[in-house]
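Student: I'd like to learn how to read aromatic pairs in a structure. Can you walk me through it?

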Amino acid sequence: MNFVTMDFETANNQRHSACSIALTVVRNNQIVDEFYSLIKPETPFNWRNVQIHGIHEEDVEFAPKFPELWSHISPLFQNNSLIVAHNAPFDNSILHNTLGYYGLETPQFLLLDTVRTSRKLFPEFPNHKLNTVCDELGITLTNHHNALDDSVACANILLYQEHEFGQEILKPFVKPA
């Protein structure tokens, strides 16, 4: 299975306030590349968000703005690319709103949400939050709400699900973004 997981952290509740991004590239069922960057959003930080992810406004002072990063990562978002996220509606809305904020074209790609696959495949779990699913499956998640750790954990969840249940059961969860 080939896919890319994405995870965003945000500065506040605005959907264009991405302050970090991580991508994990999986080829032939192996993690082959990881990308992480802080992002300088053009919006203030909210203390609640800082409390969750620990990224402060001064941490992103010299970080690139999203358009600079997009020029490097956009090749991963192609028509037949499978992009995966844990709670994909959130991360996909951050991507789409940030692209829109900067007037960048929104790409077409395929999207899969590991919250949805986890609810279907593991209905007995107490909930389907990233840290809970990782704990239940024995997947390492060292720093929850660090975008890179979350992205790698998401990749490992999907790899686990594919290994245990096969690709066919996952196909109905793939939707156009």
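Tutor: Rings of Phe, Tyr and Trp (its six-membered ring) pair if their centres lie within 6.5 Å; planes under 30 degrees apart count as stacked, over 60 as edge-to-face and the rest as tilted. This is a predicted model, where local features need pLDDT of at least 70, side-chain atom pairs count only at pLDDT 80 or more, and totals for chains, interfaces and linings use all residues. Residues are numbered from 1 along each chain as its sequence is written, and side-chain values use heavy atoms, with hydrogens and water left out.

Student: How many aromatic pairs does a search of the whole structure find?

Tutor: It finds 7. Take tryptophan 70 and phenylalanine 77: their ring centres are 5.2 Å apart and their planes sit at 45°, so this pair is tilted.

Student: Is tryptophan 70 buried or exposed?

Tutor: Buried means under 20% relative accessible area, exposed over 50%, partly exposed in between (1.4 Å probe, protein chains only). Tryptophan 70 has 8% relative accessibility, so it counts as buried. Phenylalanine 77, at 3%, counts as buried too.

Student: What kind of pair do tyrosine 101 and tyrosine 102 form?

Tutor: An edge-to-face one, with 5.0 Å centre to centre and 85° between the planes. Tyrosine 101 is partly exposed at 38% relative accessibility, and tyrosine 102 is partly exposed at 22%.
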